[in-house]
Amino acid sequence: MLEFATILSYGYFILCLALGWGAAAMLDFDGILKRSTSRSGRFLLRLGVALVLAEGFRLFLSFVLGPILDSLVNQSINGFKAF
C-alpha cells in the first residue's frame with residue numbers, strides 16, 4: 001500500500017509536469033512543434049520540453065512553498081505538544 005507522503009510526491013510531480021506541458025505549448029511562438037514532420041516527433045519534442053520545464057517548476061515551487069509548509073507543519077506539531 002502506498003503511503004500518504006508517496007502519494008503527495010507523485011501528485012506534486014504530476015502538477016509540475018502539467019505546468020511544464022502547458023508552458024511548452026505557450027512557448028511555441030514560431031510553431032516549431034507544428035512544423036515537425038511526424039505526430040510522434042511533435043509529441044516527443046513537447047514531452048522533452050515539458051520535462052525540463054517541470055523540473056524548473058519543481059525547484060521554484062520547492063523554494064517558494066517549502067518554507068511555508070515547514071512553518072505550517074511546525075506550528076501544528078508545536079500545538080499538539082502543548083496538549
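Helices (H or I, at least four residues) and strands (E, at least two) are DSSP runs, numbered from the N terminus. This is a predicted model, in which local features need pLDDT of at least 70 and side-chain atom pairs count only at pLDDT 80 or more, while totals for chains, interfaces and linings use all residues. Residues are numbered from 1 along each chain as its sequence is written, and side-chain values use heavy atoms, with hydrogens and water left out.

The protein chain contains 3 helices and 0 strands, and its pattern along the sequence reads α-α-α. Confidence is expressed as pLDDT, the predictor's confidence in each residue, from 0 to 100. For the protein chain the mean pLDDT is 76, with 76% of the residues reaching 70 or more. Among the elements of the chain, helix 1 has the highest mean pLDDT (83), whereas helix 2 (residues 32–35) has the lowest (67).

The next topic is burial and surface. A residue is buried when its relative accessible area is under 20%, exposed when that area is over 50%, and partly exposed in between (1.4 Å probe, protein chains only). Of the 83 residues in the protein chain, 12% are buried. Accessible areas come from the Shrake-Rupley method with a 1.4 Å probe, and for residues only the protein chains shown count as cover. The accessible surface of the chain comes to about 6800 Å², and carbon and sulfur atoms account for 72% of this surface.

One part of the surface is a nonpolar patch formed by Phe-60, Val-64, Leu-65, Ile-68, Leu-69 and Leu-72, which together have about 550 Å² of accessible area. Patches are made of residues with over 30% relative accessible area and no salt bridge; like charges are joined within 9 Å, and nonpolar side chains (Val, Leu, Ile, Met, Phe, Trp, Tyr) within 5 Å. Leu-69, one of the patch residues, is found in helix 3 (residues 39–82).

Contacts also connect separate parts of the sequence. A contact means heavy atoms within 4.5 Å. Among contacts between residues at least 6 apart in sequence, 70% join residues at least 24 apart.

The structure holds 1 aromatic pair. The ring centres of Trp-21 and Phe-43 are 5.8 Å apart and the planes stand at 55 degrees, so the pair is tilted. Trp-21 belongs to helix 1 (residues 4–26) and Phe-43 to helix 3, 22 residues apart, and the pair thus links distant parts of the chain. Rings of Phe, Tyr and Trp (its six-membered ring) pair if their centres lie within 6.5 Å; planes under 30 degrees apart count as stacked, over 60 as edge-to-face and the rest as tilted. Trp-21 counts as partly exposed because its relative accessibility is 29%, and Phe-43 is likewise partly exposed, at 46%.

Arg-58 is partly exposed, with a relative accessible area of 31%, and Glu-55 is partly exposed at 37%.

Two further C-alpha distances involve this region. The C-alpha atoms of Glu-55 and Leu-17 are separated by 8.1 Å, although the residues are 38 apart along the chain. Gly-56, also found in helix 3, is partly exposed at 38%.

Terms used. A salt bridge is a side-chain nitrogen of Lys or Arg within 4 Å of a carboxyl oxygen of Asp or Glu.
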